[in-house]
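Work through the exercises below with the model open. Each task is followed by a solution in steps.

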Amino acid sequence: MYAFTGAKSCPTQNPNVTSQPANAIFSSFSTVNAGCKDQQDNECNHDRWNTNNTINLNEYHQFRITANANYVLNLTSFS
């Protein structure tokens, strides 16, 4: 879980996962090519996203999930 707790400020406050799952590692959460927006405490808020009818593949949120040594990932759901 990414909680994004902290006083409103940019870049996104506390972008690290709150607790790592068993046998895998989640990276920090980051945003590429969108503006961080100071809004309220304890949230991740971005603006200046593309608003055209075509998706801009250069604007996105990202994180990485890496299996520990001797484990494989079998992702069956994501929420």
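**Exercise 1.** Which residues make a nonpolar surface patch of about 330 Å²?

Solution. The model is predicted, so local features need pLDDT of at least 70 and side-chain atom pairs pLDDT 80 or more, while totals for chains, interfaces and linings use all residues. Residues are numbered from 1 along each chain as its sequence is written, and side-chain values use heavy atoms, without hydrogens and water.

Step 1: the patch is made by Phe63, Leu75 and Phe78. Patch residues have over 30% relative accessible area and no salt bridge, and nonpolar side chains are joined within 5 Å. A salt bridge is a side-chain nitrogen of Lys or Arg within 4 Å of a carboxyl oxygen of Asp or Glu. Accessible areas come from the Shrake-Rupley method with a 1.4 Å probe.

Step 2: Phe78 lies in the segment after strand 6 (65-67); strands are DSSP runs of E with at least two residues.

Step 3: Phe78 has a relative accessible area of 57%, so it counts as exposed (over 50%; buried is under 20%, partly exposed in between).

**Exercise 2.** How many disulfides does the structure hold?

Solution. Step 1: a disulfide is a pair of cysteine sulfur atoms within 2.5 Å. The structure holds zero.

Step 2: for Cys44, the nearest cysteine sulfur is that of Cys36, 7.1 Å away.

Step 3: Cys44 is partly exposed, at 26% relative accessibility.

**Exercise 3.** State the secondary structure of the protein and its share of buried residues.

Solution. Step 1: the protein has zero helices (H or I, at least four residues) and six strands.

Step 2: 18% of the 79 residues count as buried.

Conventions:
Patches are made of residues with over 30% relative accessible area and no salt bridge: like charges are joined within 9 Å, nonpolar side chains (Val, Leu, Ile, Met, Phe, Trp, Tyr) within 5 Å. Buried means under 20% relative accessible area, exposed over 50%, partly exposed in between (1.4 Å probe, protein chains only).
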